[in-house]
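This briefing describes selected features of a predicted model.

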Amino acid sequence: MEENLVLKMENINKSFPGVHALKNVYFDLKKGEVHALLGENGAGKSTLMKILTGVYKKDSGTILLHGNEVDFSSPKEAQNMGIAIIFQEFNLLPHLNVAQNIFIGRESKNKKFPALIDERKLISDTQKILDSLNLNIKPTELVKNLSVAKQQMVEIAKALSMNAEILIMDEPTAALTESEIEELFKTIKHLKSQGVAIIYISHRMEELNAICDRVTVMRDGEYVKTINFKDTNIEELITLMVGRSLKEKFPKHNCKRGKRVLEVKNLSRNNVLKNISFELYEGEILGIAGLMGAGRTELARALFGADRVDGGEIVLDGKSVKINNPNDAIKNGIGYISEDRKRDGIALGLSVEKNITLASLDNVCKKGGVIDQNREKEIARSFVENLKIKTPSLSQKVKNLSGGNQQKVVLAKWMCVNNLRVLIFDEPTRGIDVGAKVEVYNLMNELLQQGIGIIMISSELPEILGMSDRIIVMHEGRITGELMRSDATQEKILRYATGN
């Protein structure tokens with residue numbers, strides 16, 4: 001086997017009912033490298049990693065670990081062979097402390113009383129691992145009290161406690177601030193120096209320059225190319241991923257601003273929102289920027305009626321409205337695409353067609369409240385075709401779709417609402433690939449042409465600058481600045497976002 005090669009996957013094939021997910025895929029990994037695995041949603045990255053970690057059985061192909069052929073039938077087998085994965089959604093128990101989470105199911109027993117856990121050794125062993133990563137985390141701290149970034153470090157510590165030689169990181173920076181990302185990258189570089197091989201999956205292309213050694217690109221379930229990162233650039237990688245050049249990453253269409261559709265006056269909530277006032281117009285994207293904890297999502301939830309407010313007024317099309325719950329918001333033409341689509345945006349266990357019509361059941365109901373299934377299928381099929389949602393069938397459960405296609409289903413759900421006037425996008429492209437991002441932006445442009453006003457919350461400043469007509473910036477629950485598209489810069493936004 002080639003020098004320093006710890007893993008080699010050749011001719012990997014995997015099919016599911018109606019889908020050939022992987023077609024003769026190749027991937028290899030060297031000791032002490034960060035190897036990025038890139039591809040659009042649905043390219044097969046997750047399926048390949050699930051085969052590597054024993055979640056799925058491959059249909060055919062060969063996996064060589066240190067030159068020896070392996071075929072894992074469970075995640076436990078993969079873990080025992082030094083392969084660990086950190087998912088976007090952490091696999092931690094929040095009510096237990098750090099030490100209990102790291103060694104759960106593998107705790108040292110008390111020598112005198114074997115039925116009891118040796119708490120002292122548990123704490124000591126945990127402290128050694130945390131020290132090896134230079135982490136300032138107490139072994140006795142409850143996980144629920146930790147920040148997202150520190151919870152991620154606990155996941156890394158847990159993987160190392162299993163003597164992981166291969167660490168798979170799936171969208172590790174999706175919920176982190178810039179400073180937290182820097183800390184994560186320091187940890188990754190430390191792991192590299194210890195000889196740990198890292199498979200890094202991310203849709204944030206700009207991150208790769210800081211940590212990446214090699215890149216493998218997949219497209220439509222097939223291997224495309226492996227290349228040294230220093231020998232390529234972002235534009236080439238995007239072209240390899242999508243099979244075409246994306247000349248415009250932010251295809252913003254200038255739309256004539258119409259009448260005022262929404263006015264928010266002095267909205268307040270329990271010291272989280274402090275006298276928030278702004279306006280939104282037809283055909284306009286109003287970007288909302290700010291650092292984590294600024295109150296952006298809280299504002300979106302208040303406008304949608306998901307959280308009660310203490311005071312203030314919401315005016316829609318010149319009429320004051322009371323929005324006490326999401327049902328009130330929908331009736332008044334306000335839609336909300338949550339930053340966490342899996343928790344708040346879609347019903348994972350329901351089919352594509354059921355999800356699309358979920359917010360507009362009046363459109364598909366006969367007299368007496370019975371759903372007209374033919375009508376439901378007709379509406380769902382039109383959106384699947386128009387939005388190019390990749391699904392084997394309308395009856396496919398949404399949980400089986402890629403992140404980008406799940407986001408399109410959420411969009412279809414709101415585009416299905418007859419009286420939609422305002423649509424709030426909270427982190428509209430989080431966790432989806434560059435090709436799907438452009439498709440989402442184009443769908444936003446279509447909504448603008450229909451006279452809908454869009455509120456877009458995003459942590460990605462290039463997205464805010466690229467797609468917004470006007471930008472308001474929040475800091476600690478207040479609006480600290482407003483910028484027109486032509487005047488906005490990252491520096492100005494960050495100055496307002498820090499309260500300066």
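Leu-262 stands opposite Leu-280 in strand S12. The two strands concerned, S11 (residues 260-269) and S12, run antiparallel and are joined by 6 bridges. They belong to an open sheet of 4 strands with antiparallel pairing, in the order S12-S11-S14-S15.

- The edges are formed by strand S12 (273-281) and strand S15 (319-321), each of which pairs on one side only.
- On average, neighbouring strands in this sheet are turned by 20 degrees against each other, direction ignored.
- Helix H9 (residues 296-303) lies across S11, S12 and strand S14 (311-316). Its direction is at about 70 degrees to that of S12.
- Strand S12 contains Asn-275, whose phi is near 50 degrees, a positive value in a residue other than glycine.
- Asn-275 has a relative accessible area of 48% and is therefore partly exposed.

**The sheet of 6 strands**

- A further open sheet has 6 strands in the order S16-S17-S18-S13-S19-S20, with mixed pairing.
- Strand S16 (334-337) and strand S20 (478-484) stand at its edges; each has a single partner strand, so one side of each is left without a neighbour in the sheet.
- Neighbouring strands here are turned by 20 degrees against each other on average, direction ignored.
- Strand S19 (residues 470-475) runs antiparallel to S20, and 6 bridges join them. Within this pair, Val-473 stands opposite Gly-481 in S20.
- Helix H15 packs on the sheet and touches S13, S17 and S18. The direction of H15 makes about 150 degrees with that of S18.

- Strand S18 (residues 453-457) is largely enclosed by the rest of the structure, because 5 of its 5 residues are buried.
- Strand S13 (residues 285-290) pairs with S18 in the parallel sense over 4 bridges. The bridge partner of Ile-285 in S18 is Ile-454.
- Strand S17 (residues 422-426) also runs parallel to S18, joined by 5 bridges. Here Leu-423 stands opposite Ile-454.
- From S17 the chain crosses through helix H15 (residues 434-449) to S18, and this β-α-β crossover is right-handed.

- Leu-420 is placed in the loop between helix H14 (403-415) and S17.
- Is Leu-420 buried or exposed? With a relative accessibility of 8%, Leu-420 counts as buried, since buried means under 20% relative accessible area.
- Leu-420 touches Gly-333, Ile-334, Gly-335, Trp-414 and Ile-452, when residues up to four places away in sequence are not counted.
- The C-alpha atoms of Leu-420 and Ile-334 are separated by 6.1 Å, although these residues are 86 apart along the chain.
- Glu-427 lies in the loop between S17 and H15. Although not a glycine, Glu-427 has a positive phi of about 50 degrees.
- Glu-427 counts as buried, at 6% relative accessibility.

**Cavities**

- How many cavities of 30 Å³ or more does a search of the whole structure find? The search finds 2.
- The largest cavity holds about 80 Å³ of space.
- Its lining consists of Glu-171, Ala-174, His-203, Arg-204, Thr-429, Arg-430, Gly-431, Ile-432, Lys-437 and Glu-460.

**The second largest pocket**

- The second largest pocket has a volume of about 850 Å³.
- Its lining comprises 38 residues, of which Glu-178, Ser-459, Glu-460, Leu-461 and Pro-462 lie nearest its centre.
- Two or more lining residues are given by each of helix H6 (178-193), helix H8 (234-242), S13, H15, helix H16 (461-467) and helix H17 (490-497).
- H6 gives the largest share of the lining of this pocket, 5 residues.
- Glu-460 is listed in the lining of the largest cavity and also lies among the residues nearest the centre of the second largest pocket.

Notes:
Residues numbered from 1 in each chain as written. Predicted model: local features only at pLDDT ≥ 70, side-chain atom pairs only at ≥ 80, totals over all residues. Heavy atoms only, no water. Pairing = 2+ DSSP bridges. Axes fitted to C-alpha atoms, helices over the stretch in contact; angles between N-to-C directions. Contact = heavy atoms within 4.5 Å. Buried < 20%, exposed > 50% of the residue type's maximum accessible area, 1.4 Å probe, protein only. Right-handed = clockwise from strand over helix to strand, strands pointing away. 1 Å grid on protein atoms, 1.4 Å probe; cavity = no way out; pocket = protein on both sides within 12 Å on 5 of 7 lines; lining within 4 Å. Points joined across faces, edges and corners; volume = space filled by probe spheres on them.
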